[in-house]
Amino acid sequence: MKPLSSIFALFCSFLEVLSGMQFLTRGLASAALRPPKAIETAVGTAVTLNKTQIRKQSYCTPPPSHAASSNNDTNYDNTKGTSNFKPVNLAYRALECRGKERDKQTKTPLIIHHSLYGRKENWNPISEIINRITQRKIINVDARNHGESPHTKDMSLPLMSKDIIHLIKQLKNGSDKFSFLGHSMGGRIGILLALMQPQLVDKLVVVDSSVVVNENSRRRWSHLRQACSSLMKIEHRLKLEQGYERLKIANKAVENIIVDKTDRANFLSNLILSDQPNQESIWRVNMTAYLSHPDMMLQVPTFDDACFKGETLFIN
């Protein structure tokens, strides 16, 4: 899997698909150097970011629990291991429309979905640049069992796609459709989403992902599972340490399994280094759920005559 920095270089074609306009590298550079003046939305609150503000609070924004439930109750999950196909309220970070888009929305909001063992914060820098350049609304989500979203025993790609449909139906927007960008696991979720509910998806961007399961994919997911299992075996020891010592022990345990330093750093970012009051776990990802569904990333549900005719960009 490519690091986010290499994906960054493909923004020219990416933004052209999203915006229908030419993109200047000079504009990207200036956008990257300026701090965002976006708005973070939550239920009944708004936080404006600027140079002088340092925010410590979370930008986790669960959808309102009283929102109407989805009218689409079709069970698309024909994979094994999932017993409860109910969507959950996902945590997300929203950057509101800018400039002319704030006055009159002409572009669909963009949902960005992270990879396996990722979380919404991984895409903060890029989402802020996309927000500045395209002026559209950007929504970074945490998948179930990742980040600040609910941890459940059930976990499958169709179920995660259903969670996104649930989120879309709860969000209030000036558009009936959304665009979707998914990285690795998020890309596969985007493909399922576009096939399950094509009327909800405007444009689809699939980054470093495919529905085809090749040997490289199998090897990578196998290494992630081995690393996960290794850390679970020493969880008690990790709980006895704090900060750098906890990270050092974890890194030592998986360095021969996940050899690539970037991949290992991304994986270990799910380890909480400093315990907080009432903290139930030292993980930001539900390790147990992933280990309980060994074939989750290997299975792809079948769709009879399913088709998505919207604009689609594959970045590899």
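First, the ground rules. The model is predicted, so local features need pLDDT of at least 70, side-chain atom pairs count only at pLDDT 80 or more, and totals for chains, interfaces and linings use all residues. Residues are numbered from 1 along each chain as its sequence is written, and side-chain values use heavy atoms, with hydrogens and water left out.

Let's start with the aromatic rings. How many aromatic pairs does the structure hold? Two. Rings of Phe, Tyr and Trp (its six-membered ring) pair if their centres lie within 6.5 Å; planes under 30 degrees apart are stacked, over 60 edge-to-face, and the rest tilted.

Take Y117 and F267. Their pair is edge-to-face, with 5.0 Å from centre to centre and 75° between the planes. The two partners are 150 residues apart and link distant parts of the chain. Y117 sits in the loop between strand 4 (110-113) and helix 5 (124-134), while F267 belongs to helix 11 (residues 261-268). Helices (H or I, at least four residues) and strands (E, at least two) are DSSP runs, numbered from the N terminus.

Are these two residues buried or exposed? Y117 counts as buried, because its relative accessibility is 2%. F267 is also at 2%, and so counts as buried. The scale is this: buried means under 20% relative accessible area, exposed over 50%, partly exposed in between (1.4 Å probe, protein chains only).

Now Y117 and Y290. Their ring centres are 5.3 Å apart and their planes stand at 85°, so this pair is edge-to-face. Again distant parts of the chain are linked: Y290 is in helix 12 (residues 287-292), 173 residues from Y117. Both Y117 and Y290 are buried. Together, Y117, F267 and Y290 make one aromatic cluster.

The charged end of R225 sits over the ring of Y290, 5.6 Å from its centre. For that, NZ of Lys or CZ of Arg must be within 6 Å of the ring centre and within 35 degrees of the ring normal.

Next, helix 7. It covers residues 185-196, twelve in number. From first C-alpha to last it reaches 16 Å, close to the 16 Å expected at 1.5 Å a residue. That expected span is 1.5 Å times one less than the number of residues. Why call helix 7 largely enclosed by the rest of the structure? Because eleven of its twelve residues are buried. Among them are M185, R188 and M196.

L195 lies in helix 7 as well. This residue is partly exposed, at a relative accessible area of 27%.

S184 has a positive phi near 55° without being a glycine. It is buried, at 12%.

N145 also has a positive phi, about 65°, and is not a glycine. Its place is the loop between strand 5 (138-141) and helix 6 (157-170). N145 is buried, with a relative accessible area of 0%.

Last, a pocket. Thirteen residues line the second largest pocket. G147, E148, I272, W283 and R284 lie nearest its centre. A pocket, on a 1 Å grid over the protein atoms alone, is an open set of points where a 1.4 Å probe fits, with protein on both sides within 12 Å along at least five of seven lines; lining residues have an atom within 4 Å of a point.
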